[in-house]
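Thanks for coming, everyone. Please take a look at the structure on the screen, and then we will walk through it.

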Amino acid sequence: MKTDTGNTDSSLLRQMRDGDVAAFQRLYQRHQGPIYRYALMRCGQSALAADVVQDVFMGLLTRSYRYDAGLGNLQNFLFGVARNLLLKQDQTQRRHQQLPGQGHGNEDEEEVLISEAAEPSDAIFSQQLTEHVRQAVAVLRPHYRDVIILYELQELSYAEIAVICSIDIGTVRSRLSRARAAILQYSERMGWRTELTMHTNTTQATMTGTEQ
């Protein structure tokens, strides 16, 4: 973020609320990309991701979503709004079915993967992630997908992810660890293990080391 006080998110928000269209456009240009990439990786559909971005920024413009600067930065707030919209979409469409025999126990007993029939992302946008990694992430259950996308792709800290997902830092750590293990499990089934193991090992030390 630039140091010019007239160009901070807070300043642009004030200008936007005073009717400055250019201020809204600058906020959109600044934050649209990360929100779209998160939504696309999360839902796997470019049209739905674009709709989510539109809803997020229209809500910001119309003040449907109340942003409190004291609770964190604007971009993390927008990630949270996008996540909530996608969760509602999950519930509406009921696209993610339970595996046979899966119960409703606690998270430690829960299957992390959805199924091998889950649709992969329909676009390639990250140079850091191979197509196989994207496909593996696409079959994670939504709340595991959230944390691994926000951590690996958006490079947010555990604390930031905890706020966005309304969970504690310990749960963030646990979900990241289980998501990575599930990705490797899925990769074994698909014959991708060597490639995915190499990618996962580049960040494995972070999970066992000091919190960001």
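Which handedness does the crossing of helix 2 and helix 6 have? It is right-handed.

A word on the source. This is a predicted model, where local features need pLDDT of at least 70, side-chain atom pairs count only at pLDDT 80 or more, and totals for chains, interfaces and linings use all residues. Residues are numbered from 1 along each chain as its sequence is written, and side-chain values use heavy atoms, with hydrogens and water left out.

Back to that first pair. Helix 2 covers residues 21–43. Helices here are DSSP runs (H or I, at least four residues), numbered from the N terminus. The axes of helix 2 and helix 6 come within 10 Å and cross at roughly 140°. Axes are lines fitted to C-alpha atoms over the stretch in contact, and angles run from 0 to 180 degrees between N-to-C directions. From helix 2, Arg37, Tyr38, Met41, Arg42 and Cys43 take part. They meet Pro142, Arg145, Asp146, Ile149, Leu150 and Leu153 in helix 6. Contact means heavy atoms within 4.5 Å. By class, that is 7 nonpolar, no polar and 4 charged residues. Nonpolar covers Ala, Val, Leu, Ile, Met, Phe, Trp, Tyr, Cys and Pro; charged covers Asp, Glu, Lys and Arg; the others, Gly among them, are polar.

Next partner: helix 7, residues 158–165. Its axis and that of helix 6, residues 142–153, come within 10 Å and cross at roughly 140°. That makes helix 6 oblique to helix 7. The cut-offs: under 35 degrees is roughly parallel, over 145 roughly antiparallel, 65 to 115 roughly perpendicular, and the rest oblique. The crossing is right-handed. Asp146, Val147, Leu150 and Tyr151 of helix 6 touch Tyr158, Ile161, Ile164 and Cys165 of helix 7. This contact has 7 nonpolar, no polar and 1 charged residues.

Then helix 8, residues 169–190. Helix 6 packs on helix 8 at about 100°, with the axes 9 Å apart. That makes helix 6 roughly perpendicular to helix 8. His143, Tyr144, Val147, Ile148, Tyr151 and Glu152 in helix 6 meet Arg175, Leu176, Arg178, Ala179, Arg180 and Ile183 in helix 8.

Terms used
Helices (H or I, at least four residues) and strands (E, at least two) are DSSP runs, numbered from the N terminus. A crossing is left-handed if the near helix is turned anticlockwise from the far one by less than a right angle, and right-handed if clockwise.
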